[in-house]
Amino acid sequence: MGSLKNEEEMEQIVEESKEAILYVNGVRKVLPDGLAHLTLLEYLRDFGLTGTKLGCGEGGCGACTVMISHYDRKLKKCVHYAVNACLAPLYSVEGMHVITVEGVGNHKRGLHPIQKSLERYHGSQCGFCTPGFIMSLYALLRSSQTPPTEEQIEESLAGNLCRCTGYRPIVDAFRVFAKTDDALYADISSLSLQGGEFVCPSTGKPCSCGSKTVNDIDTNGQSICSATYKPVSYSEVDGSTYTDKELIFPPELLLRKLTPLSLSGLGGLKWYRPLTVKYVLELKEKYPNAKLLVGNTEVGVEMRLKRIQYQVFISVTHVPELNMLNVKEDGIEIGAAVRLTELLNLLREVVTQHPAHETSACKAFIEQLKWFAGTQIKNVASVGGNVCTASPISDLNPLWMAARAKFRIINCKGNIRTALAEKFFLGYRKVDLAGDEILLSVFLPWTRCFEYVKEFKQAHRRDDDIAIVNAGMRVCLEEKGEEWVVSDASIAYGGVAPLSLCAIKTKEFLIGKKWNQDVLRGALNVLRTDILIKEDAPGGMVEFRKSLTLSFFFKFFLWVLHQIEGKKPIKEKVLLSHLSAIKSLHRPPLVASQDYEIKKHGTSVGSPEVHLSSRLQVTGEAEYTDDTPMPPNGLHAAFVLSKKPHARILAIDDSGAKSSPGFAGIFFAKDVPGSNEIGPVVMDEELFASEFVTCVGQVIGVVVADTHENAKRAAGKVHVEYEELPAILSIEDAVSAKSFHPNTEKLLRKGDVDLCFQSDQCDKIIEGKVQVGGQEHFYLEPHSSLVWTMDGGNEVHMISSTQAPQKHQKYVSHVLGLPMSKVVCKTKRIGGGFGGKETRSAFLAAAAAIPSYLMNRPVKITLDRDIDMMTSGQRHSFLGKYKVGFTNNGKVLALDLQIYNNAGNSLDLSLAILERAMFHSDNVYEIPNVRIFGSVCFTNFPSHTAFRGFGGPQGMLIAENWIQRIALELKKSPEEIREMNFQGEGSILHYGQQLEHCTLAQLWNELKLSCDFLKARDEVDQFNLHNRWKKRGVAMIPTKFGISFTTKFMNQAGALVNVYTDGTVLVTHGGVEMGQGLHTKVAQVAASAFNISLSSVFISETSTDKVPNASPTAASASSDMYAAAVLDACEQIKARMEPIASQRNFSSFAEIVRDSSIVRKKGKKVPLSTTNCNVRQFTLSRVSNSLPI
């Protein structure tokens, strides 16, 4: 950790040093010139610190979170905060200390309490997002002088996404660091309740933790609370420390004086860091098109995703004049470079220190900033950056306009002018700034007595999401007798035009009017013409957005009435039933619990063990495909992609790519040494499009270069000339054009549907249509493969992020013309799959294998998030057209269903997905007469593929739609309709299977009773009765889901078990660990089988040269199959050792193994290794599930 040197000696060293430096995990790094194009993430990963992950590349997922520490000379203390390394320019952290997850703790040096807690609470599954969560909380704790509240902890995690674990165990793990109720500790008597119950100091609720301090499970399976963690010390320099191994702030950086920077990057990029506003203006005069940076949250996304190239950057983070925060008599002056987190902290402080009537605007900004973005973005994004970006959906700009804010602007000659915020925005991304001007500061005036400012925002989700429509509204009222008259007003909207827009006519209408129902009706009418959204407006949802402009004003009207009502008598009061429209959302901290009984079998099976990889995942040491070090002479690959949905390729000009820096090669269909035709079931795809393209994002070729960025740039320079052809872009278009994949029409029948409809059995018949949309997989780890050759190309090896290594092996051997025996695919773990890496990952490896094989060099391809989402397909969208007959009681008698799915431009697994949707189209309901017709639609989209549920959820959703329709028709509750139609023991399904061991009714009744559903329904009804504008709902929905592959031969599994002479066991099986705990469960089975500890069993990786011909890890069956295969193999080895083990009492398994390895039986050693293939026929696969027409 180092110690502080003599201060004079240190200052002398610092004075002499003019180099750019950075500390990473306590290690000094010199930053050479020429790296201005790099982000902090790229720099860290190039140095081997791969715990910091690349998830989205735009600051949206938090997988790249690191902590930045620097000494604030104005505050005379160190500040510690989390940032997105994927957006932070490398030189922006010069002179700072970067701590990554590796610097927090590791499995050799020891885990930090944060890491221990997350591991203990099962907060890591696939583990790809885990380092980001660790670093977000670590930064919060280091920056907090006292333990944070639970609300602060949850807020700190708003910028982190988890795709597989869910947030409950993560929040549970981090809650132990929260501030507790001190009274519980001060008054010991309060810890006891009547009956001797103990009150947990952490939660303030009765529990069984007593005085125990560790989280554990007792012998009865009861959960025991964990003690809270508290910092062991706090200093203004190092912040809070929780262990004696915390990295201190480097002493050199404390004494180091800031110097201006003038550095460069690739392509002539220039990077400047001025320290005065005068220098900024000089640079701006010299480079009028230069981009001023603080957090790079907008420019970074433009460069990465929009491929916009800038030549000059001016980092203004250290310019005092742009970082001022002055609280004045008439308002607050906010420097343009002030970070949003700093602004938020100041506003919260101001609200407590100033009269309430002065801070109405401040409160509006506090609320809007809470939902503005994740903590990492707010920690670096600046006020001025958000203003000058002039995004039409900026959350803050409508508020600046409404709150009478003024912008101070300075030009290169030092002249300062002031512009009103409401007149500053001129057009799409255009503001009232000349080429020689910059924004100096923003002035926010105090609000006056009876002046009210309110924020509004509607997004798809509340946390960390961009707005659909937002608004800022202000009204100033004067009391005249018993009436309140509008003296001033301002209404501004975002998301309704190419710029933040003031409702001028509405403002003019309001002024001078009485604040009553008449003005509300009049204002709403004026707003309809004042704010016009064109029918073809970008973003769609035009009617919804129009309604939001009106509903926001209605809520504002009610809110102002309520504010006045609390201060002075008023004629018009807000009805109690209308209060829900104006109450701000308060989401209490997440509280949840798990109850389960532990029944152990042997040493390990049945025990709630933590994920075997979790210790490595919480420290960032767990390796994923892109973390694999690049071999010497390695190349990076990038795709040349189609930009048309359907077209003929006329010509390809690759001259630009060949002259691009770092270019090494480019390959098209003509270069494929084997077959260019690929496909998981039917070979109806091309690896590289040769003559036609059938979707945007189809691969035309692959470019390889010395770096990932150079490969992308070169691929972007390939020009393809097209002849456009008609495209089919929806299921409806496909049905109209009869655009179906060949041989994919399916029919399932039960009973006689037509006869039932024609008879008088059905009292009512309804018809309807259900459209189910698609969904992005959004596994946190993008597709990635590393391919290399051995023995001059005689063998090909690869490491891939895939659920199906065998498919990678098959695809690569096929396109290279090699036997499968010469191709090996290995998978250590993957950062989430959800079906998206079952088949669609294979073409990626095959494409990378072409240059690797032909050039005899290693090639790595890792897709950026936008390319991944463009090329890999989604969950299938479905269209269902139903006709249902039923009695007046609600008993369903007949179902006639036409169901279509959108396969995209190749079949992939779409037929099996359609079939499963057909199987699940009855959900759990007994229907005597069923006819289901299904077709797979060909459209000009990237091929859609497997996704959790594999068509089952879509089929069930269609069924639940007509159940709801029946309930509405009969004026009964949906639950009543469901219950009377339940299938039961012995029911024959529409595909011929008879239900056995059916527990549906039992589970339904138990759940209904345990959750007191009827009481919950009554409470919901009462709430809805008394609340006009906010509604609640509650529902119980059953599901029946068939596991296993419907293609029966795929329900098999293989395993290789090796026992070593020290008593440890190495297991290899054909399944892939993707966070579901497959390796952990398999290891538990092996440990119990041999009666050894779980720590004695190790599972290294999945590899096609250890266990061949494995099925994909999918279909909800892998744990059953692979665990059974391992168990069988273990039993075989135990049987071989039995003659030795029965001879005497051995003290340990290791002793038996040692004797077995040296004792010969009939002249042969006892083999301690075996491979087993376990075949399991699942119930769903016992019958023919689909009949061709």
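The model is predicted. Eight strands make up an open sheet with mixed pairing. UniProt, in an unreviewed entry, places the feature "binding site" at Q803, F834, R948 and A1115.

**The sheet**
- The strand order is β29-β33-β27-β40-β37-β38-β39-β47.
- β29 (663-667) and β47 (1102-1103) stand at the edges, and each has a single partner strand, so one side of each lacks a neighbour in the sheet.
- Strands β38 (residues 795-800) and β39 (residues 823-827) pair in the parallel sense, over four bridges.
- Within this pairing, M798 stands opposite C825 in β39.

**The helix across it**
- Helix α26 (residues 842-855) lies across β27, β29, β33, β37, β38 and β40.
- The helix runs at about 30° to β37 (784-790).

**The annotated site**
- The four positions named by UniProt are Q803, F834, R948 and A1115. They are spread over 313 residues of sequence yet cluster in space, with a largest C-alpha distance of 12.7 Å.
- Q803 sits in the loop between β38 and α25 (805-816).
- Q803 counts as buried because its relative accessibility is 2%, against a cut-off of under 20%.
- Beyond its sequence neighbours up to four places away, Q803 touches residues including I830, F834, K837, E838, V1072, M1074 and P1112.
- R948 is in the loop between β43 (929-938) and α29 (952-970).
- At 47% relative accessibility, R948 counts as partly exposed.
- Leaving out residues up to four places away in sequence, R948 touches R163, F834, R875 and P953.

Key: Residues numbered from 1 in each chain as written. Predicted model: local features only at pLDDT ≥ 70, side-chain atom pairs only at ≥ 80, totals over all residues. Heavy atoms only, no water. Pairing = 2+ DSSP bridges. Helix = DSSP H or I, 4+ residues; strand = E, 2+ residues; numbered from the N terminus. Contact = heavy atoms within 4.5 Å. Axes fitted to C-alpha atoms, helices over the stretch in contact; angles between N-to-C directions. UniProt positions renumbered as here; feature names shortened; annotations may be inferred. Buried < 20%, exposed > 50% of the residue type's maximum accessible area, 1.4 Å probe, protein only.
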